Amino acid sequence: MGRPRPRTNPGRRRSSTSYTYWDQAKDALGLLDHLGIERAVVGGLSQGGFTALRIALLAPKRVAGLVLWDTEATPCDPVDKAAYGGMFAALREYGPVDDLIIPLSTQLLGESALRGELCARWRAAPALPLGPAAHCLLERDDVSNRLNEITCPTLLMWGEQDVSLPRDRMDLLSERLPNAGDVHVIHGATHTPTLTHPEQVNPLLQQFLRTLA
C-alpha cells in the first residue's frame, strides 16, 4: 500500500556466510525496494518474528502493521541455548535420524499430519543448515528494551501448547508494544499455528487487516 519506491536489487547472502536477524531485516527491506512497495504489513512466526521486529525498528515508517506469532524480543534463554545447541550438535553428528527429527517435528507441529512431510524434507536434504543459521538463532541480541519504539498496530498470536516459546515471552510483547492488544491464544496449536490451525488464525488476521484498511 502507499506510494511506490524506486526499484533496487535486493541484497543476496550466501548460506555459508554468518548473518544476524538485522541482516535479514535489511534484506526484506531491500526486497520491498525492489518490488516498489513503500509500506507493508509485516509479519513473522518464531524466527520470522525476530526479523519482523527488527524491520519495524529499522524502518518504522514503512511498517503499516505488525503481526507476530509465537516469537519474542529477548535473547535466547540460557537453558534453551544449551538444549538447542545439544540438538544441533547431534544433528550434525548423526544427521536427520528419526530419534531426533520426530520429536522436533512434533514440537513444531504437534500431532498434525504435516509432521510426516516435514520429516521427509529433512531426510531428503543434502545437508541441514546448522552453521550460520544456528549461530544466528542462538546468539541473537535483545531488543526488548526498544519495543516502545514500535508504534504501529500489532496483532499477537500464540499456540496454546507451544513448548518452544512460553506464554510470558508473548505477554512481554503485549505489555511493551504501545499499540499491541492482548495475546490471542490459538487453542490446540503448538509452535506453528499458521500451518496447523488456520481456521483460528485467518479470521483474526483478516479482521486486523480490515482495521488497517
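**Close-up views of a predicted model**

**Figure 1. Residues at the contact of helices α1 and α2 in the predicted model.** From α1, the residues Tyr21, Trp22, Gln24, Ala25, Lys26, Ala28 and Leu29 meet Gln47, Phe50, Thr51, Arg54, Ile55, Leu57 and Leu58 of α2. Nine of the residues in this contact of α1 with α2 are nonpolar, three are polar and two are charged.

**Figure 2. Crossing of helix α1 and helix α2.** Helix α1 spans residues 21-35 and helix α2 spans residues 47-58. Their axes come within 8 Å and cross at roughly 65°, which makes α1 roughly perpendicular to α2. The crossing in which α1 passes α2 is right-handed.

**Figure 3. The aromatic pair of tyrosine 21 and phenylalanine 50.** Two aromatic pairs are found in a search of the whole structure. In the pair formed by tyrosine 21 and phenylalanine 50, the arrangement is edge-to-face, with 5.2 Å centre to centre and 70° between the planes. Because tyrosine 21 lies in helix α1 and phenylalanine 50 in helix α2, the pair ties together parts that are 29 residues apart in sequence. Tyrosine 21 and phenylalanine 50 are both buried.

**Figure 4. The aromatic pair of tyrosine 84 and phenylalanine 88.** The rings of tyrosine 84 and phenylalanine 88 are stacked, at 6.2 Å centre to centre and with 20° between the planes. Both residues lie in helix α3 (residues 78-94), where tyrosine 84 and phenylalanine 88 are four residues apart, about one turn of the helix. Tyrosine 84 and phenylalanine 88 are both buried.

Figure 5. Leaving out residues up to four places away in sequence, tryptophan 22 touches Arg54, Leu57, Leu58, Asp141, Val143 and Arg146. Among these, Arg54, Leu57 and Leu58 also belong to the α2 side of the contact with α1. Between the C-alpha atoms of tryptophan 22 and valine 41 the separation is 18 Å, and the two residues are 19 residues apart along the chain.

**Figure 6. Alanine 213 in the segment after α9.** Helix α9 covers residues 198-212, and alanine 213 has its place in the segment after this helix. Alanine 213 counts as exposed because its relative accessibility is 90%, where exposed means over 50%. From C-alpha to C-alpha, alanine 213 and glycine 86 are 45 Å apart in space, and in sequence they are 127 residues apart.

Notes
Residues are numbered from 1 along each chain as its sequence is written. This is a predicted model: local features need pLDDT of at least 70, side-chain atom pairs count only at pLDDT 80 or more; totals for chains, interfaces and linings use all residues. Side-chain values use heavy atoms; hydrogens and water are left out. Axes are lines fitted to C-alpha atoms, for helices over the stretch in contact, and angles run from 0 to 180 degrees between N-to-C directions. Helices (H or I, at least four residues) and strands (E, at least two) are DSSP runs, numbered from the N terminus. Angles under 35 degrees count as roughly parallel, over 145 as roughly antiparallel, 65 to 115 as roughly perpendicular and the rest as oblique. A crossing is left-handed if the near helix is turned anticlockwise from the far one by less than a right angle, and right-handed if clockwise. Contact means heavy atoms within 4.5 Å. Ala, Val, Leu, Ile, Met, Phe, Trp, Tyr, Cys and Pro count as nonpolar, Asp, Glu, Lys and Arg as charged, and the others, Gly among them, as polar. Rings of Phe, Tyr and Trp (its six-membered ring) pair if their centres lie within 6.5 Å; planes under 30 degrees apart count as stacked, over 60 as edge-to-face and the rest as tilted. Buried means under 20% relative accessible area, exposed over 50%, partly exposed in between (1.4 Å probe, protein chains only).
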